[in-house]
Amino acid sequence: MSVSSKEAILAGIAPDGGLFVSDSLGEKHLDLTRISAQDFHATAHDILSALLGDYTSEELDDCIQGAYGTQWDTPAITPVTPLDNHWLLELFHGPTSAFKDVALQMLPRLMTKARTNSTHNILVVTATSGDTGKAALDGFKDVAGTGVVVFYPEGNVSDIQRLQMLTQEGSNIAVCAVRGTFDDAQTEVKRIFSDTALNKQLKDGKVALSSANSINIGRLAPQVTYYFDAYAQLVRRGALSLGERVSFCVPTGNFGDVLAGYFAKRMGLPVDRLIVASNSNNVLTDFIKTGTYDRRRPFKKTISPSMDILVSSNLERLLYYLSDGDVERIASFMRDLSEKGHYTVPSALLDRIQETFACGFATDDETRHTIQSTWRDAHVLIDPHTAVAQSVLTRTSHEIHANSKACVCVSTASPFKFSSDVLSALGEKDFIHDSLSCMDTLAGLTDTVPPIPLSKLRDRAIIHSCVCDKDQMGHFVVSASQRIFR
């Protein structure tokens, strides 16, 4: 089926459960000279104009000004800073202190423009491994005609991430913990989208479902901006000359963040390698090395919980592009993954993947060591997800530097969202393990300042306390819809 970008953003996911893609991706390359001379806002306009063609320039301007305003603690939005012999792309300066803000401050505004003539309310239903949930709640809070339901895996997010969600105010939101893993929650959310009876019940109440996960193209498109903007910053700093190649090391679980880098490459950014950094749930590492994707393995709870994922949804989009749009083959892979738990791509397709993507993973011990050494040697404090990428980049950079003028470690969250694990990594043993006390201790130990929105959590009351089994999630969605849109 063919839909406009506005229709794709409103729907979130295709009716058959597949992901929306654009066959025109890469037909138009952005002008690097122009990009390197402008700020984040102007680059966002160029990116979104290229990817979301049915939005007017005026609509995009309005969305961009609202999404990237005073709720960010730096006008640079996503600054690049030096770290050892490479660079750190800081994506955590938004209102929820995580990279998801780049897209989830934008997505509600894109949806609002898209539903101008719609008679239906939109209910955004999303599963989160930690950061998407709070970013979606913050972005969609009290947006007219829109509600948001967030499911998170009980006991598998950090205390600060959990507090951010459970204290979220707003008349149009609902939050529920799910007994299980993120993969359990995400699989059930996808099933809810394809549940004919449930969707008919919602439709009868003039409610349509949409998604805030990176399966929604409106989540993915804004993330392309920071790859181009990082390149522009490096050019302006003299670290790159126009046309020289750059590599990015990206901590990832659901493959959305690194896929945005691939979109940037297709749009003309001189990307040499995209290094996929995983934690001990290293299904992506094995796939990129061998061509076999196998989720039949023990799920490991790590100190980088947002990456504790065994089914990487956005990989489907990459396979589509690198197989030249062979939808039958991709459908076969996804069917095998669902029914058998694994699939293997042909060697020719694996070769194409390995031309752009490198990989590696870090254990919890390696992650802790990297947090400690980065603070000790560079006086830079990083969170456990960034530390996974930093660890992998340190081990692979000698291979990458041969063709890359610069290497960038993508930093996805504030270390204060994971204060207890960061303190432990720094060698601290005697501290109170309450999440807010840990934040204070970490600030005192490192003489750094927590982001204001995280510090304010101590003054917020718990609002949401629902817990359910995965087979109750559909009922929760219906109940939330009836409450929000009554």
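A nonpolar core is a set of buried Ala, Val, Leu, Ile, Met, Phe, Trp, Tyr and Cys residues joined through side-chain atoms within 4.5 Å. The legends below concern a predicted model.

**View 1. The largest nonpolar core of the predicted model comprises 104 residues.** Y68, F228, F248, L319 and F357 have the most contacts inside this core. Helix α11, spanning residues 217-236, gives the most to the core, contributing 12 residues. Apart from this core lies another, of 36 residues, which includes L83, M307, V388 and L454. In soluble globular proteins, nonpolar side chains tend to be buried together.

**View 2. L319 is shown with the residues that it touches.** With residues up to four places away in sequence left out, the contacts of L319 are F287, I330, F333, M334, Y343, V345, L349 and I353. L319 is also among the residues with the most contacts inside the largest nonpolar core.

**View 3. Five strands form an open sheet with parallel pairing.** The strand order is β6-β3-β4-β5-β13. Strands β6 (207-210) and β13 (466-469) are the edges, each pairing on one side only. On average, neighbouring strands of the sheet are turned by 30 degrees against each other, direction ignored.

**View 4. Strand β3 pairs with β6, and helix α9 packs on the sheet.** The parallel pairing of β3 (residues 121-127) with β6 extends over four bridges. N121 has V207, in β6, as its bridge partner. Helix α9, formed by residues 182-193, touches β3, β4 (146-153), β5 (173-179) and β6. The direction of helix α9 makes about 150 degrees with that of β3.

**View 5. K300 is located in the loop between β9 (292-294) and α14 (315-322).** Is K300 buried or partly exposed? Its relative accessible area is 42%, so K300 counts as partly exposed. Not counting residues up to four places away in sequence, K300 touches S280, N281 and D308. K300 and C359 lie 59 residues apart along the chain, and their C-alpha atoms are separated by 19 Å.

**View 6. Cysteines are shown in a structure that holds zero disulfides.** C359 takes part in no disulfide: the nearest cysteine sulfur, belonging to C249, is 10 Å away, whereas a disulfide requires sulfur atoms within 2.5 Å. C359 counts as buried because its relative accessibility is 13%, the limit being under 20%. C176 is likewise buried, with a relative accessible area of 0%.

Definitions and conventions:
Residues numbered from 1 in each chain as written. Predicted model: local features only at pLDDT ≥ 70, side-chain atom pairs only at ≥ 80, totals over all residues. Heavy atoms only, no water. Buried < 20%, exposed > 50% of the residue type's maximum accessible area, 1.4 Å probe, protein only. Helix = DSSP H or I, 4+ residues; strand = E, 2+ residues; numbered from the N terminus. Contact = heavy atoms within 4.5 Å. Pairing = 2+ DSSP bridges. Axes fitted to C-alpha atoms, helices over the stretch in contact; angles between N-to-C directions.
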